[in-house]
Amino acid sequence: MSMFCNQCEQAANGTGCNISGVCGKKPDVAALQDHLIYGLKSLALYADKIGRNAEIDRFTIEGLFTTVTNVDFEPARIGGMIKQCYELKEKAKAAYGSAIANPVADWKPAEDLAGMVNQGEQHGINTQHVNEDIRSVIEILMYGLKGMAAYMDHAMILGRTDDEVMAFFQKALAATTNASAGLMDVVGLAMECGKHNLTVMGLLNAAHTDTYGHPVPTPVQLGTKSGKAILVSGHDLKMLEEILKQTEGKGINIYTHGEMLPAHGYPGLKKYSHLVGNFGGAWQDQAKEFANFPGAIIFNTNCIQRPSDSYTDRLFTWGLVAWPGVKHVDGWDFSAVINKALECPGLPENPGQEILTGFGHNAVLGVADKVIAAVKSGDIKHFFLVGGCDGAKSGRNYYTEFAEKAPKDTVILTLACGKYRFNKLDFGDIGGIPRLLDIGQCNDAYSAIQIAVALAGAFECGVNDLPLSMVLSWYEQKAVVILLTLLHLGIKNIKLGPTLPAFITPNILNFLVENFNIGPITTAEADLKAILG
Ligand code: SF4
Ligand code: SF3
């Protein structure tokens, strides 16, 4: 059985995984994910016609998020979603009242998993269009939709949605089935995806701050506290809150992992005294680090990796995350995780370093006068946004070097898990303003945009004219949609690494260079020199 997947930065040989995924995705799972995407397009053909339907829209979001890198590796679960997708498509078709004349609309999955895998193999990403440049932009759009769905999922969990955005999801999915679409039609949809993602990140930001308050600068302990423990990995704040509530008074300490680190800055979460610290580094170090965490561990979103036997027994997944053989928590009852934590030996008292998080736009703009004065006096010469995903491939030391070599009169804004490359280093401060400001998770790119827009307003210039440069790292599809948002906002001169996406053809890269002057990272020294002169 063969496969082809090139949706993340780990794509084998820089072109695509065709034997088995570097992420651990097996060919059957790859085929089932391709099948689910094909089913979602079939559903969208009807959903686009019938207007908003909460059940269908919710399913579309979950279906897309399921196929994001490092989320779901469980064939049976994806097979179940394919069946559900078909039922919803038939429902939408009945509501529409007639069959749409498009071969994709005729889709019907096989009864059994093996049959669904066979069908999925016929609907791989390379079948999305005959023209390779159009196919490249369809891929950019599809990965943008997957990333945006991940953020929408978190917003929906907190009770938020947006009809216009949902209409776009269905319109865009349906449009990818149009064999006669021209290149600029698809480019337009990709840019529109960037626009809608700004709305979604704004929705999520409002959901987070309305529910938990605006993040405030907060020191986070990296050592351990004696006692039983649960480690929470992923991005979902509501799920962390539930774990905190359900463990209150039980003598269990809660630690954040990876992208959960910014949770410590929210007043509504930091008020729990048993939220004691952050454990480990970015996602790619989990196998090594989880072996040394003698408590229960749970993932609420990407990025899960193949677990080693040393901790599978105390590992759990939640939400859309799944790995064969790993216990899954359905819903909001975390007693299985709590019981496992109580059975485990727990952690020793071992205090460590403290780092700061909680510099969302509210906190940064609260000291805007100070920041603006420091820029005007020349104490701050330049801002860098050094952020994005971390990953396992070599070449990512660039980001550590870049941050280390950035001159002392520059401020580094950071977000997402790429920060683990340098967030334990001491950068000092400029007149009381820390030189490293952790804005939050990847979705808090929204906050970074608010900061940039406010600075541009204060200096009466455009964001591109600010002394601000973006040096971004990507790994999975959320980074793709954030990039689309930045392009939609007209942000130019972005440096992207560690390597450019395998799904971008030379012609599409030229288009991006000509219109946005986007470029690959080179070396920290050369890029700093090029930016600062
Ligand atoms: Fe390969 Fe990335 Fe696709 Fe996994 S998600 S199969 S690592 S390209
Ligand atoms: Fe990281 Fe997976 Fe992308 Fe939210 S946790 S940024 S890679």
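Which residues surround ligand 2? In this predicted model, the shell consists of His 235, Glu 259, Trp 283, Asn 302, Cys 303, Cys 389, Ala 416, Cys 417, Cys 442, Tyr 475 and Glu 476, where a residue is near a molecule or strand if one of its heavy atoms lies within 4 Å of it.

## Basis of the description

Because the model is predicted, local features need pLDDT of at least 70 and side-chain atom pairs count only at pLDDT 80 or more, whereas totals for chains, interfaces and linings use all residues. Residues are numbered from 1 along each chain as its sequence is written, chains are lettered from A and ligands numbered from 1 in the order in which they are written, and side-chain values use heavy atoms, with hydrogens and water left out.

## The two ligands

The shell around ligand 2 divides into seven nonpolar, two polar and two charged residues; here Ala, Val, Leu, Ile, Met, Phe, Trp, Tyr, Cys and Pro count as nonpolar, Asp, Glu, Lys and Arg as charged, and the others, Gly among them, as polar. Since both domain 2 (218-343) and domain 3 (362-532) give residues to this shell, ligand 2 lies between them, the domain bounds coming from an automatic or database domain assignment.

Ligand 1 has 13 residues around it, of which Cys 5, Cys 8, Cys 17, Cys 23 and Thr 69 come nearest. The shell around ligand 1 is made up of seven nonpolar residues, five polar and one charged.

Helices (H or I, at least four residues) and strands (E, at least two) are DSSP runs numbered from the N terminus, and two strands pair if DSSP finds at least two bridges between them. Strand S1 (residues 218-221) has a covered face, with Thr 218 and Val 220, and an uncovered one, with Pro 219 and Gln 221. S1 is joined by four bridges to strand S8 (residues 354-357), the two running antiparallel, and Thr 218 has Thr 357 as its bridge partner in S8.

In strand S5 (residues 296-299), Ala 296 and Ile 298 point one way while Ile 297 and Phe 299 point the other way, and all are buried, a term for under 20% relative accessible area, with exposed meaning over 50% and partly exposed in between (1.4 Å probe, protein chains only). In a regular strand the side chains alternate between the two faces of the sheet. Strand S2 (residues 228-233) runs parallel to S5 and is joined to it by four bridges, Ile 230 having Ala 296 as its bridge partner in S5. Three bridges join S5 to strand S6 (residues 315-318), again in the parallel sense, and the bridge partner of Ile 297 in S6 is Leu 315.

## The six-stranded sheet

Six strands form an open sheet with parallel pairing, in the order S13-S10-S9-S14-S15-S16. Strand S13 (436-440) and strand S16 (519-520) stand at the edges with a single partner strand each, so one side of each is left without a neighbour in the sheet. Within this order, strand S9 (residues 382-388) pairs with strand S14 (residues 468-473) over six bridges in the parallel sense, and Phe 384 has Ser 469 as its bridge partner in S14.

## Two valines

Val 411 lies in strand S10 (residues 410-415) and is buried, because its relative accessible area is 1%. The C-alpha atoms of Val 411 and Ile 100 are separated by 55 Å, the two residues being 311 residues apart along the chain.

Val 453 has its place in helix H16 (residues 445-458) and counts as partly exposed, because its relative accessibility is 46%. Val 453 and Cys 344 are 109 residues apart in sequence and 48 Å apart in space, C-alpha to C-alpha.
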